[in-house]
Amino acid sequence: MSQLFKASLFVKPIVIIAVAMVMVPRLAHACMCLPTPITEEGSTDRYEVVFVGELIAIERTENIFPDTHDTFPVEINSYVVHETFIGSVPLGDTVHIHQFGIGCTNTRVEDQLHTKFLIGGFRDERKIPDWPNMEEYLQAQLCTLSYSELYEPEYSNAIYVVRNRIKAALERELANILVLPLATVLVIGSIIFVYFIKEY
């Protein structure tokens with residue numbers, strides 16, 4: 001009898017852990033990482049939008065996906081765009097960023113309303129069987145680019161890094177556009193110059 005009792009003491013915690021693991025939302029993978037430092041090369045590459053926005057609304061609700069009948073808690077944060085770095089988000093537009101899951105996403109609080117954030121938003125394009133289509137939502141999570149003006153100097157430093165990165169990318173693009181015409185002009189000019197030297 002005592003051996004049976006000891007065995008039940010051993011099995012009970014295993015059963016509790018197994019049940020808890022089944023109950024954890026499938027989106028909990030968002031909790032298992034840290035934000036990528038803004039200074040790291042490529043830290044802004046995966047985002048569809050990167051902008052400075054003023055947080056104007058926080059809505060907490062549930063999202064129902066009719067195809068799979070899944071229901072997820074979702075926080076929808078609305079921002080008025082003050083400056084755009086990546087993506088088609090014009091100044092003055094309102095952008096809604098969805099955060100799916102419970103507790104482990106980068107939630108906002110009412111004290112942060114009417115403050116500015118440097119925000120990165122992405123669409124989850126992964127195709128997973130029996131998983132709702134998240135592609136239509138601009139999303140953020142724990143690992144997503146997010147700097148608040150409430151936290152200086154990190155916010156200003158992040159803005160500086162992103163501005164410089166976008167500026168450098170535009171300069172490279174402009175240089176690539178101008179290389180071919182300039183090379184063509186130089187080649188034609190050299191041919192004409194050599195021709196005139198031979199003639200005269």
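L174 sits in helix α2, which covers residues 154-199. Bear in mind that this is a predicted model.

For the surface as a whole, the accessible area comes to about 13,400 Å². Carbon and sulfur atoms account for 63% of that.

## The overall layout

The protein has two helices and five strands. Walk along the sequence and you get the pattern α-β-β-β-β-β-α.

Of the contacts with a separation of 6 or more, 69% are between residues 24 or more positions apart. As for burial, 32% of the 200 residues are buried.

## What's inside

In soluble globular proteins, nonpolar side chains tend to be buried together. Here, the largest nonpolar core has 15 residues, and the ones touching the most other members are I38, V50, F85, L118, L145 and Y147. Strands β1 (49-65) and β2 (70-86), along with α2, each give two or more residues to this core. The top contributor is α2, with five residues.

Y147 is worth a look in your viewer. Leaving out residues up to four places away in sequence, Y147 touches P37, I38, K116, F117, L118, E154, Y155 and A158.

There's also a second, separate core of 13 residues, with F51, Y79, V81 and A140 among them.

Notes
Residues numbered from 1 in each chain as written. Predicted model: local features only at pLDDT ≥ 70, side-chain atom pairs only at ≥ 80, totals over all residues. Heavy atoms only, no water. Helix = DSSP H or I, 4+ residues; strand = E, 2+ residues; numbered from the N terminus. Core = buried A, V, L, I, M, F, W, Y, C linked by side-chain atoms within 4.5 Å. Buried < 20%, exposed > 50% of the residue type's maximum accessible area, 1.4 Å probe, protein only. Contact = heavy atoms within 4.5 Å. Areas by Shrake-Rupley, 256 points an atom, 1.4 Å probe, with all protein chains shown as cover.
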